[in-house]
Amino acid sequence: MSNQLNTLWVDTIVSPKWIATSSSQGLLSDHSVVIQNGTILAILPTNEWPNHYQTNHHFALENQILTPGFINTHGHAAMTLFRGYADDLPLMTWLKEHIWPNEAKWLSDDFVNTGTELAIAEMIKSGTTTFSDNYFFSNNVGMTAEKVGIRAQLCPTILTMPTAWANSTDEYLSRAIDTHLQFKESTLINGVLGPHSPYILSDEELTKVVHTAQDLGCMIQMHVHETQAEITDSLAQFFCRPLARLKRVGMLNNKLQAVHMTQLTEHEIELIAEHQVKVLHCPESNLKLASGFCPVNALKQAGVTVALGTDGAASNNDLDMLGEMRTASLLAKAVGNDATALDAEATLKMATIEGAKALNIDHITGSIEIGKSADLCATSLDDLSNMPIYNPISQLIYTATRNQISHVWVAGNVLLKNHKLTTIDTNELRFNVNRWHQKINRSNQTFVQQN
């Protein structure tokens, strides 16, 4: 009785077989994570926690590995409604002839709300606890994320062409500023700037983005060096490669999140390492669009922070970070001609703590450490395809699938419990997605008949 009186009541205790901390603690066996007020209060041997704590919410996860929640550093959530719409095409054909015309036709509050919720549902079921969204109607994306309870970085797209969201570069920039200010006090959402790419914006417009980011004290996310055509066109139009332009306008610094980076010289790798640019690697999208290969091993050897993203479901076609990790690891070995490149533990870190560093939230999330937010993912490793288990992290990366993810927490709140979403009405979501599918598909069939 006296021992029980001295114990502390806490919100939640999670007791898996293994904990992959993505920190200096490495891999722990038979330990528990104690959660109080959304943060990690303690990590201790499972057989010891009853001596110190009591809870009404104990998750005993036999044969499961607990990891930090995955951080998807680049995507276009609402474009999930275009999943499978225009497959097997090169990037610029895909954009100019299919995606941009359909966005011009369908982009709206309702489109973004439904597409974003569909993306979030898929991401949670895939273990993602933080996502970065580079799209339009970013205020709607932020409100949807807050409603569901997932962490998000909003990167409102900045273009020159008119859309349903804005008509000019200045208006896009104004909306991005509004989004940043709207979520400035949020504990889950933060806003940055999302200029689309160097080939879309002029030097003057890029400079304006740089100055705005400095005024707001925020980061910038941009598609950079995505294809060889981008490099060729830049040399013809600006007489230099895109990274050289970005350096000229003052955008190369530790606030830049450069997406894709498949076309890099040795000098450019040294340049981005010197300026502490963050690289966001989207291997499956790059493979599908035949964009090229990001030299992950060379970047990491140069000391560059490399994080992982799925890109949008219209070009991937899924938002599965566990699958993305496996692809990233295997691709790094082939591209680097080195079987030791991007081993299992480094791959997991790229999707967790390195992602947090890239988004400048590593003081909040990205690893399982006392004082950090309880953003967690539990994956069962009891399938025959996972056995025998000599190294649970290796089995997670190379044999597990997202269907084995059982639980997900963000800030201590369980968003996935025994494989079931807890904060999304899946029946309503299915209805809304089918409504949009019928609308888009009907329009596409009419277009085909007329031509």
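In this predicted model, phenylalanine 111 touches Ala78, Leu81, Phe82, Trp106, Tyr135, Trp436 and Ile440, leaving aside residues up to four places away in sequence. Phe111 belongs to the largest nonpolar core, which holds 109 residues. Together with Leu193 and Met251, Phe111 touches the most other members of that core. Helix 3, residues 109–125, supplies the largest share of the core, with eight residues. A second core stands separate and contains 15 residues. Val14, Leu28, Ile40 and Ile43 are among them. In soluble globular proteins, nonpolar side chains tend to be buried together.

Methionine 143 presents another setting. This residue sits in helix 4, which spans residues 138–148. Its relative accessible area is 42%, so methionine 143 is classed as partly exposed; the partly exposed class lies between the under 20% of buried residues and the over 50% of exposed ones. Methionine 143 is in contact with Gln182 and Phe183, again not counting residues up to four places away in sequence. Along the chain, methionine 143 and phenylalanine 183 are 40 residues apart. Their C-alpha atoms are separated by 9.1 Å.

Strand 12 pairs with strand 10, residues 151–154, in the parallel sense. Three bridges make up this pairing. In one of the bridges, alanine 152 has isoleucine 189 of strand 12 as its partner.

Three cavities of 30 Å³ or more were found. The largest cavity has a volume of about 60 Å³. Its lining consists of 13 residues. Of these, Asn72, Gly75, His76, Ala77 and Met123 lie nearest the centre of the cavity. Strand 9, residues 128–133, gives the largest share of the lining, with three residues.

Most residues other than glycine have a negative phi, and most peptide bonds are trans. Two cis peptide bonds are described here. A cis bond joins asparagine 316 and asparagine 317, with omega at about 20°. Asparagine 317 falls in the loop between strand 17 (306–308) and helix 12 (321–336). A cis bond also joins methionine 387 and proline 388, with omega at about -10°. Proline 388 is placed in the loop between strand 18 (376–380) and helix 15 (392–398).

Positive phi angles occur at two asparagines. Asparagine 337 has a phi of about 50°, although it is not a glycine. The loop between helix 12 and helix 13 (344–350) holds asparagine 337. Asparagine 337 counts as exposed because its relative accessibility is 74%, and exposed means over 50%. Asparagine 418 likewise has a positive phi of about 50° without being a glycine. Asparagine 418 lies in the loop between strand 20 (413–417) and strand 21 (420–421). With a relative accessible area of 48%, asparagine 418 is therefore partly exposed.

Conventions: Residues numbered from 1 in each chain as written. Predicted model: local features only at pLDDT ≥ 70, side-chain atom pairs only at ≥ 80, totals over all residues. Heavy atoms only, no water. Core = buried A, V, L, I, M, F, W, Y, C linked by side-chain atoms within 4.5 Å. Buried < 20%, exposed > 50% of the residue type's maximum accessible area, 1.4 Å probe, protein only. Helix = DSSP H or I, 4+ residues; strand = E, 2+ residues; numbered from the N terminus. Contact = heavy atoms within 4.5 Å. Pairing = 2+ DSSP bridges. 1 Å grid on protein atoms, 1.4 Å probe; cavity = no way out; pocket = protein on both sides within 12 Å on 5 of 7 lines; lining within 4 Å. Points joined across faces, edges and corners; volume = space filled by probe spheres on them.
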